[in-house]
Amino acid sequence: MTTTDTSISKNAKILIAVAALGYFVDVYDLILFGVVRNPSLVSLGLNKAQQLSEGLSLFNIQMAGMLIGGILWGILGDKKGRKSVLFGSILMYSTANVLNGFVQNTSFLDAITQYGILRFIAGVGLAGELGAGITLVNETLPKEKRGFGALVIAGTGALGAVTAAIVGGASQDPEWWRTCYFIGGGMGLFLLILRFGTFESVLFQNVEANVEKGNMLSLFSNRERFVKYFYCILIGLPVWYIVGILILTAPEMSKVLNVQGEITGGKTIIFCYSGLSVGDFLSGWVSQVLKSRKKTVYIFVGFAIVSTIIYLNVSGLSSTVFYILCFVLGFGGGFWAVFVTMASEQFGTNIRATATTTVPNFVRGALIPITVGFKALIPSFGLVNAAMIVGVICYGAALWATYKIEETFSKDLDYIE
């Protein structure tokens, strides 16, 4: 009689730690722009009206970079290996963030143009970290323990946003935003040293040379595969609905809901992402206990729905209670680890990195149409009701997709498409 070794090796633990720290830096850099956007644009000489317009443009440029980067790094991860993406992506966004701290008007390029180019490059780099890390860890750990690796990566990563909010607000120096970018870039470059201790996925190395790898079009050319891919994207929508709609508009929402006291964007980010971190740790653990990714998603989405209803319908709260609600909302959206793990487990080794890297970035990109729809509804329905309508769509889509998709908890990942 043979037994299967389900222990986590020392090398695998090192790999999880490195991937988790990488995602921590990734999220720090992703959120940092939102924290220092206005101070940096003031420092560069823009007035209040220009700050809003240019800030949104820079944000969209960064998101465009992430969408392109998700495809680029996903394909490279399947063609060249998961480890190469971990090195390449962090080198790209870390370098871009260091350079971002130096932008200034020159005779060759004005500061805003430099800022936009560097946010695009950083966006491309940021897109590769999570997918490559999750894919590499999932292909290395025993199938019974894959959820543990994902929960550590995603839970640690969410703390990067908390750190970005704290660091971004740590000084009133008008040039402090430059130091914030230096810190993010420096952390990433230092992390490259730790990356030398990582190793390539054995499953990837064992794929035969004549097998086609990293074919993005194969996700769309086969109907069953495309539907599965589409479901994966829908499952992640509630997370960015919470962050991009409920939390981003929290200062404005608090006024409509007559919250007592001032609500600031920086504090809402800290509370929300603290909740996301706790939720990611717990959801990964719950999926291991229940031996089910789908049941875990049902539980957390259900909790998020209840939290959203309370958030949008209770008025006259103190600022303290409102911030606690932001934490609770973040907790409800804290199934990112399980969501990305599900996406990784749905596809064969030859396109796994492509799927795992592009799915979360397409979810992030979906925030653009979500935001457009939300803004279009506000004139007719008001801020609160517009948020409620968009929430019904996002939560409904996620629950429907979870119902339709395959349970993958104990799925063997050693196969190709």
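In this predicted model, the count of aromatic pairs comes to 17. One of these pairs joins Tyr115 and Tyr181, whose ring centres are 6.3 Å apart. The planes of Tyr115 and Tyr181 stand at 80 degrees, and because an angle over 60 degrees counts as edge-to-face, the pair is assigned to that class. Tyr115 belongs to helix 4, which covers residues 111-126, while Tyr181 belongs to helix 7, covering residues 176-195. The pair therefore ties together parts that are 66 residues apart in sequence. Both partners are buried: Tyr115 has a relative accessible area of 0%, and the value for Tyr181 is likewise 0%.

Another edge-to-face pair is formed by Phe303 and Phe331, with 5.3 Å from centre to centre and 75 degrees between the planes. Phe303 is placed in helix 14 (residues 293-313) and Phe331 in helix 15 (residues 319-332), so this contact ties together parts that are 28 residues apart in sequence. The accessibility of the two rings is as follows. Phe303 is partly exposed, at a relative accessible area of 35%, whereas Phe331 is buried, at 17%. The value for Phe331 falls in the buried class because the limit for that class is under 20%.

Aromatic residues also occur as a cluster, made up of Phe220, Phe226, Tyr229, Phe230, Phe347 and Phe362. Phe347, a member of this cluster, has the charged end of Lys228 over its ring, at 5.0 Å from the ring centre. A further charge over a ring involves Arg352, which lies over the face of Tyr415 at 5.7 Å from the ring centre.

Arg225 is part of helix 10, residues 223-235, and is buried, with a relative accessible area of 15%. Leaving aside residues up to four places away in sequence, Arg225 touches Ser218, Leu219, Phe347, Ile351 and Glu417.

Gln346 is located in the loop between helix 16 (336-345) and helix 17 (352-365). Gln346 is buried, with a relative accessible area of 0%. With residues up to four places away in sequence again left out, the contacts of Gln346 are Lys228, Cys232, Ile405, Glu406, Thr408, Lys411, Tyr415 and Glu417.

Conventions:
Residues are numbered from 1 along each chain as its sequence is written. This is a predicted model: local features need pLDDT of at least 70, side-chain atom pairs count only at pLDDT 80 or more; totals for chains, interfaces and linings use all residues. Side-chain values use heavy atoms; hydrogens and water are left out. Rings of Phe, Tyr and Trp (its six-membered ring) pair if their centres lie within 6.5 Å; planes under 30 degrees apart count as stacked, over 60 as edge-to-face and the rest as tilted. Helices (H or I, at least four residues) and strands (E, at least two) are DSSP runs, numbered from the N terminus. Buried means under 20% relative accessible area, exposed over 50%, partly exposed in between (1.4 Å probe, protein chains only). A charge sits over a ring if NZ of Lys or CZ of Arg is within 6 Å of the ring centre and within 35 degrees of the ring normal. Contact means heavy atoms within 4.5 Å.
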